[in-house]
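Here is a short report on how two chains meet. Look over the sequence and structure first.

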Amino acid sequence: MPEPMGFFTDTTVCIGCKACEVACKEWNQLPAENGGVGELSGDSYDNTRKLDGIHWRHVRFIEQFKGPYDGRWLMMSDVCKHCVQAGCLEVCPTGAIIRTEFDTVVIQSDVCNGCRACIAACPFGVIDVNPVSGTAQKCTLCYDRLKVGLEPACSKACPTDSIQFGSIAELRTRARKRVDQLTAQGVKAELYGADPDKALGGLNSFYLLVDEPEVYGLPRHPQLPSRNLTKSATFSAASAAVLGVLALVGLRKRRMDEQSRGGGGAGNV
Amino acid sequence: MSDTFFSAAPHWTWWIILYFFVGGIAGGAALLATVLDGFGGPEDRPVVRSGYNVAAVGAILSGALLTIDLGRPLRFWHMLFQSANFPTIMFKGWSPISFGAWGLLLFGLFSVLAALGGMAEEGRLRNPALRAVGGVVQGGLAKLVGALAGLLGVFIAGYTGVLLSVTNRPIWADSPWLGALFIASGVSAGAATLILLAPWRGATEASLARLSAFDTKALVVELVVFVLFIASVWPIRQVWVSFWGLLLLVGVGLGILTPLRLHATGRPMASAAKLVLLGGFLLRLATIFASEGIEHYRVAAGM
């Protein structure tokens with residue numbers, strides 16, 4: 001059985017070149033958006049804007065400028081987190097979403113019927129429909145490449161090693177060393193998703209961040225969708241019980257008969 | 001900021017809104033038909049038969065709406081059977097959408113059987129095969145089939161709200177009350193539909209008046225649950241500062257408060273019933289689109 005594999009993304013060395021986006025699109029043969037006609041976002045160098053069914057990698061550009069000489073760029077190559085406890089896998093009604101032998105999460109496009117439950121279940125907004133296939137799609141962590149011993153296309157293409165691929169255990173050790181190094185240099189850095197005892201049992205694609213998670217478009221406390229199941233089902237059952245009792249009391253014949261004997265009520269009409 | 005704001009919208013729009021509305025009516029009508037079937041009198045039979053008919057038509061329409069909404073409609077059966085291991089069942093008890101697919105199938109089966117039983121009782125079935133099936137669903141079996149249709153009907157009316165709560169989307173996942181709200185709305189809309197349709201099947205004024213009196217109580221329950229729902233999403237109240245928030249208010253005003261006032265003043269039942277249906281539709285429309293639209297703000301904000 002192979003070890004759990006994943007990505008460690010060190011955002012401090014990302015230069016926003018988008019080689020990962022291009023490599024991902026090329027390897028996975030993802031279609032162009034808008035028929036290939038370029039569409040600029042108009043307020044950022046980030047024209048991809050988000051992860052979706054045809055963008056499985058997205059380099060996020062965060063511009064933090066207080067004045068012309070006081071500011072910084074934050075860049076982060078975002079991707080599916082391949083959660084150890086995955087919300088998408090939990091809700092998928094067709095069994096299209098599976099956990100692989102590498103502990104990654106993959107959508108089988110030939111099984112998915114495009115119900116889109118996984119899109120709403122993902123706490124990170126990673127999944128969307130690929131308009132060509134009509135199915136939900138996202139990063140597979142290059143499952144086809146992993147099967148033959150190759151590294152995923154994005155990390156292979158990354159020129160600064162911002163995206164590092166490897167076994168989760170090794171990546172966590174490497175990430176902690178990098179945090180220590182940055183902390184010694186006076187940089188406030190922390191890992192997001194590296195702790196298996198925290199949110200979603202840990203993320204198999206985790207990040208080194210130098211600002212709050214929300215700044216990078218990441219939820220502080222990502223949760224499974226099933227957290228609401230028991231409470232919501234209980235309240236629904238209570239509502240059904242109240243209405244059932246009201247219907248029984250209000251609609252049963254005996255009550256009408258009593259009203260009839262009393263000489264009043266609509267039952268005499 | 002709620003962690004739900006970082007998720008993406010699933011593009012559940014018009015087909016799903018229509019399904020939630022039609023499914024709610026069908027489920028509510030099935031419940032009322034079952035109660036009247038078991039505990040009503042002979043004069044309630046037209047309402048019972050109408051209820052099962054509404055449930056059957058609603059269930060079939062619901063299945064069609066759900067299938068049309070799929071990205072790959074011809075793979076609708078993947079929700080019921082494992083596509084690679086047919087005919088092994090595909091079922092996840094912890095996934096409302098999986099539970100709902102089976103619930104809708106069974107609801108459709110039992111409501112159609114109950115409707116055929118009712119039509120056979122009236123002698124309206126011309127097709128020999130359907131007449132034979134309807135002829136079997138009589139007496140004790142009809143009561144059992146009707147009870148199953150009623151129970152599954154309540155499930156269909158409510159699981160849609162639970163399904164929304166079991167996501168990571170703003171509003172939906174921020175409240176555990178949507179299932180309860182959809183059940184109350186579905187039952188009141190089911191009663192309203194029967195008030196409008198049952199007279200065509202010969203329902204008596206007495207039956208309709210009791211349905212209308214019950215609808216008043218259902219609307220009160222709906223109003224209470226609505227208040228609880230709004231209280232539960234109060235921490236993210238800014239999401240309602242939109243067209244959909246306004247529409248939700250209009251829906252509550254027209255679909256709950258005005259019918260309650262009409263019932264209190266003894267105005268014609270049909271007017272109140274039409275407003276209840278409008279309110280049930282607007283409730284679902286506003287709830288779905290208020291959350292669906294949030295991704296646009298997220299993207300516009302560069303998040």
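Which domains does the domain assignment of chain A give?

## Model and domains

This is a predicted model: local features need pLDDT of at least 70, side-chain atom pairs count only at pLDDT 80 or more, and totals for chains, interfaces and linings use all residues. Residues are numbered from 1 along each chain as its sequence is written, while chains are lettered from A and ligands numbered from 1 in the order in which they are written.

Chain A is assigned domain 1 (5–223) and domain 2 (227–268). The bounds come from an automatic or database domain assignment. Taken over C-alpha atoms, the centres of these two domains of chain A lie 51 Å apart.

## The contact between chains

Chain A gives 60 residues to the contact and chain B gives 62. Residues count as in contact if their C-beta atoms, placed from the backbone, lie within 7 Å. On the side of chain B that touches chain A, α1 (14–39), α3 (96–122), α5 (139–165), α6 (178–197) and α7 (205–232) each supply at least two residues. Helices are DSSP runs (H or I, at least four residues), numbered from the N terminus. The largest share, ten residues, comes from α7(B).

That side of chain B has 37 nonpolar, 17 polar and eight charged residues. Nonpolar means Ala, Val, Leu, Ile, Met, Phe, Trp, Tyr, Cys and Pro; charged means Asp, Glu, Lys and Arg; the others, Gly among them, are polar.

## α7 against α7

Helix α7(A) (residues 229–251) packs on α7(B) at about 160 degrees, with axes 10 Å apart. Axes are lines fitted to C-alpha atoms over the stretch in contact, and angles run from 0 to 180 degrees between N-to-C directions. The pair is therefore roughly antiparallel (angles over 145 degrees).

Among the residues that meet are Leu243(A) and Leu246(A) in α7(A), and Phe214(B) and Lys217(B) in α7(B). This helix contact has ten nonpolar, two polar and two charged residues.

Terms used
Contact = placed C-beta atoms within 7 Å. Parallel < 35°, antiparallel > 145°, perpendicular 65-115°, else oblique.
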